[in-house]
Amino acid sequence: MCRRAFLLLLLVTAPAAAQAPVVDPTRLTLDRIFTSGDFRADTVPTVKWLDGGAYLALQPSKVHKGASDLVRVDATGKSEVLIAAEKLIPPNAKEPLTIQGYDLSKDLDVVLIYTNSVKVWRQNTRGDYWTIRRSTGKLARLGGDAKPSTLMFAKLSPDGAHVGYVHANNLFVEPVDGGASTKLTNDGTDEVINGTFDWVYEEEFYCRDGWRWSPDGKQIAYWQLDTRGVKAFTLIDNTTGTYPILKTFAYPKTGERNSACRVGVIAVAGGETKWIDVPGDTRTDFYIPRMEWAGNPRELILRRVNRLQNEVDVMLADANTGKVKTILSERDGAWVDVHDDAGEWVEKENAFTWISDRDGWRHLYLASRDGSTVRRVTRGEFDVIRALRVDEKAGMVDYLASPENPTQHYLYRSPLDGSGSPERLTPADQPGWHDYQISSDGAFAVHTYSAFGKPPRVEIVSLPGHKVVRTLAANDKFREAVDKLAKTPVEFFHADVAGGVKQDGWLMKPTNFDPAKKYPLVFHVYGEPAGQLVTDRWGGNNYLWHLMLTQQGYAVACVDNRGTPCPRGRDWRKAAYRKVGTLASEDQAAAARELLKRPYLDAARVGVWGWSGGGSMTLNLLFRHPELYHAGMAVAPVPDMRLYDTIYQERYMGLPKDNAEDYKNGSPITHAAGLKGSLLIVHGTGDDNVHYQGVEKLTDKLVELNKPFSLMAYPNRSHSINEGKNTTRHLYGLLTRYLNESLPAGPKP
């Protein structure tokens with residue numbers, strides 16, 4: 001055949017072979033969920049509120065592709081470019097800085113820009129900082145000769161003249177336009193940490209930024225963590241090089257010694273640190289998880305928490321002498337939560353906000369500065385989920401709550417004097433999940449609204465009328481793609497447990513559901529005090545994956561047992577004290593038995609899966625209730641609670657030396673002999689949070705017991721198992737195959 005004839009043949013036949021497969025918009029596949037972009041959400045601008053309803057945001061540059069302009073948007077929607085991307089091109093560079101974070105001085109003249117960031121454990125908190133002065137256009141890199149991506153938590157001084165930051169675990173202050181820096185601390189090392197935190201404070205108390213400017217900008221208050229004497233854990237990287245690379249860090253496991261922690265104050269001009277005299281030994285007996293300036297440059301307010309975390313003392317500290325006095329104490333027979341939405345000064349700095357469930361429900365209180373009174377503000381048999389804004393001028397407080405349905409979130413308002421009834425501001429015709437970022441004057445809010453199976457919509461609304469001012473992210477294409485998918489309506493239900501307690505749950509039935517047939521049932525579980533799963537909100541890729549399972553012929557369910565952080569009152573949440581693993585397993589099994597009374601659910605085909613605490617729950621359910629659960633997939637579980645960290649595990653279980661039996665009974669490894677069904681364990685070998693060590697100990701036990709199981713170890717992946725190309729797609733492909741093989745899909749007569 002001549003070349004020309006061969007090419008003509010290719011032209012005729014190639015299209016049939018090369019055509020992309022036709023995608024059925026009603027059906028889900030792993031590739032559609034995790035790689036296609038079919039369900040990509042609109043970009044939501046990060047809004048920073050200014051006075052008068054105006055806000056700052058980033059918008060794509062029209063000149064430099066991939067770069068952003070910093071704009072000011074006023075209440076009418078009119079925008080003004082404050083810093084164009086082309087102003088952010090450093091010397092000898094061709095492209096503008098990528099803005100990953102920003103802040104402005106009060107006069108809006110100086111812009112602090114965060115860029116070139118890298119991850120430190122969970123978040124990208126180390127990077128480069130630049131300033132640009134709008135009035136002169138001068139662009140300056142902070143940190144002098146510091147290596148790229150090594151500065152942390154830079155902040156402008158109150159007068160906008162200086163920038164403070166952390167570098168190599170020391171604190172520095174530098175002129176805002178660049179120049180010689182002042183090194184405030186000199187003892188920072190890998191073990192002595194100034195201005196930021198060790199692993200366990202970061203993970204469990206959410207402490208990252210560890211320093212604060214005084215209101216007058218003349219002093220800095222900061223934490224210092226000393227990890228010397230804390231036992232270290234080592235992660236092994238076997239894939240990067242020819243020989244293993246070891247990563248060692250201080251990690252206090254239950255019952256072990258913690259870092260020494262203290263708070264100090266130092267002048268911006270330099271000099272000696274004045275250490276605050278907080279009583280007690282933070283290595284063995286106490287924590288200091290919160291600290292702020294107390295509304296003036298003379299005093300600090302901090303919280304001291306005992307090792308058991310059932311006693312919190314709020315202390316007022318003299319910044320000059322270091323002496324402290326306790327002005328509020330909170331006690332609980334289980335534990336006291338460390339809330340972030342507390343500590344706002346009101347009444348001319350004579351009182352501060354406080355969150356407590358001392359009356360059985362989580363409410364907002366006002367505590368006097370002198371410690372003489374604690375007055376309740378919100379009232380009723382419901383939980384304040386989060387306090388958002390105190391408006392002293394109007395005498396009101398805005399907060400999230402859901403008195404009627406703990407699976408939902410709404411905006412409420414109550415009088416500060418404690419009178420009257422809560423007023424719901426979220427419209428009654430929008431059932432679901434609502435979050436708000438309220439402007440400083442309370443006139444506007446960024447409102448994010450979603451519901452189960454319905455992607456979020458982000459808009460600016462006026463308050464208190466809740467009128468939509470403009471839309472930031474409509475997600476119309478996203479929502480349209482989801483709406484086309486074959487599905488049955490989700491059912492929210494209640495499952496009874498002992499004593500008439502009702503657990504919230506949801507059930508997704510198979511598509512083409514026929515009540516005359518029987519379907520396999522898969523539970524998604526978590527169940528620990530750190531998370532609520534049964535929510536009337538958009539569930540992301542997990543929702544889409546669960547929906548794909550229903551299209552394959554599975555029913556998928558989820559239940560929140562007692563001990564989960566649902567807004568159901570103190571007794572519900574703290575029922576798990578010293579019973580993590582045991583009470584939750586009983587509640588989950590009770591819910592499963594009740595759900596399986598429905599004739600269309602096949603009691604012979606019941607599976608369960610979960611991640612982290614949900615992985616532990618999966619193990620517990622398979623081991624403790626093999627008569628109910630026949631297949632399980634445990635992702636990143638904690639098989640033995642004694643191997644987890646001090647702050648989290650001791651908060652809910654007490655000290656292992658006092659409660660050894662509780663630790664043993666709650667740990668899945670204790671009950672491994674009960675395994676009868678199919679088990680897949682998945683873990684990242686680089687998990688700094690829940691160590692792969694626990695899975696190896698469980699593996700040893702299962703081998704000893706001659707129990708068959710499957711194990712997938714993802715090299716160097718962290719607790720999220722999402723690092724590296726294609727990892728998430730591979731993981732969910734693995735889970736899908738295992739479920740299909742161990743728990744066959746589809747109806748049976």
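Confidence comes first. This is a predicted model, and the protein chain averages a pLDDT of 95. At least 70 is the score for 97% of the residues. One stretch is another matter. Over residues 1-18 the pLDDT stays under 50. For that stretch the model has 3 contacts beyond four places in sequence.

Next, the annotated domain. An unreviewed UniProt entry carries the annotation "domain: Dipeptidylpeptidase IV N-terminal", covering residues 105-456. In the model, that range is 48% strand and 2% helix. Its end C-alpha atoms are 32 Å apart.

Begin with strand β5, residues 101-104. It runs antiparallel to β6, and 4 bridges join the two. Look at leucine 104: it stands opposite valine 111 in β6. The hairpin of β5 and β6 has 5 residues between the strands. In that hairpin, leucine 108 takes a positive phi near 65°.

Now β6 itself, residues 110-120. Of its 11 residues, 8 are buried, so the strand is largely enclosed by the rest of the structure. On to β7, residues 123-133. β6 and β7 pair over 8 bridges, in the antiparallel sense. Tyrosine faces tyrosine here: Tyr114 stands opposite Tyr129 in β7. These two strands also form a hairpin, with 2 residues between them. Tryptophan 121 sits in that turn and has a positive phi of about 60°.

Further along, there is an open sheet of 4 strands. The order is β28-β29-β30-β31, and the pairing is antiparallel. Which strands stand at the edges? They are β28, residues 384-391, and β31, residues 423-424. Each has a single partner strand, so one side of each is left without a neighbour in the sheet. β28 pairs with β29, residues 396-401, through 6 antiparallel bridges. Within that pairing, arginine 389 has aspartate 398 in β29 as its bridge partner.

What about packing? In soluble globular proteins, nonpolar side chains tend to be buried together. The largest nonpolar core in this model has 73 residues. Among those with the most contacts inside it are Tyr201, Trp223, Ile276, Leu300 and Phe352. Strand β22, residues 311-318, supplies the largest share of this core, with 5 residues. A second, separate core has 40 residues, including Leu28, Val482, Tyr543 and Tyr738.

Stay with leucine 300 for a moment. Setting aside neighbours within four places in sequence, leucine 300 is in contact with residues including Ala221, Val263, Val265 and Ile276. Its contacts also include Met291, Trp293, Met315 and Leu316. There is a glutamate in the list too, Glu292.

Now cysteines. How many disulfides does the structure hold? The count is 0. Take cysteine 558. Its closest cysteine sulfur is in cysteine 566, 9.8 Å away, and that is too far for a bond.

Not counting residues up to four places away in sequence, arginine 605 touches Lys518, Tyr519, Pro520 and Leu521, among others. His630 is one of its contacts. Another group of its contacts includes Leu743, Pro744, Ala745 and Gly746.

Then threonine 234, in strand β16, residues 232-237. Threonine 234 is partly exposed, with a relative accessible area of 32%. Leaving aside neighbours within four places in sequence, its contacts are Leu246, Lys247 and Thr248. What separates its C-alpha atom from that of isoleucine 245? The separation is 9.9 Å, for residues 11 apart along the chain.

Conventions:
Residues numbered from 1 in each chain as written. Predicted model: local features only at pLDDT ≥ 70, side-chain atom pairs only at ≥ 80, totals over all residues. Heavy atoms only, no water. UniProt positions renumbered as here; feature names shortened; annotations may be inferred. Buried < 20%, exposed > 50% of the residue type's maximum accessible area, 1.4 Å probe, protein only. Pairing = 2+ DSSP bridges. pLDDT = per-residue confidence, 0-100. Contact = heavy atoms within 4.5 Å. Core = buried A, V, L, I, M, F, W, Y, C linked by side-chain atoms within 4.5 Å. Disulfide = S-S within 2.5 Å.
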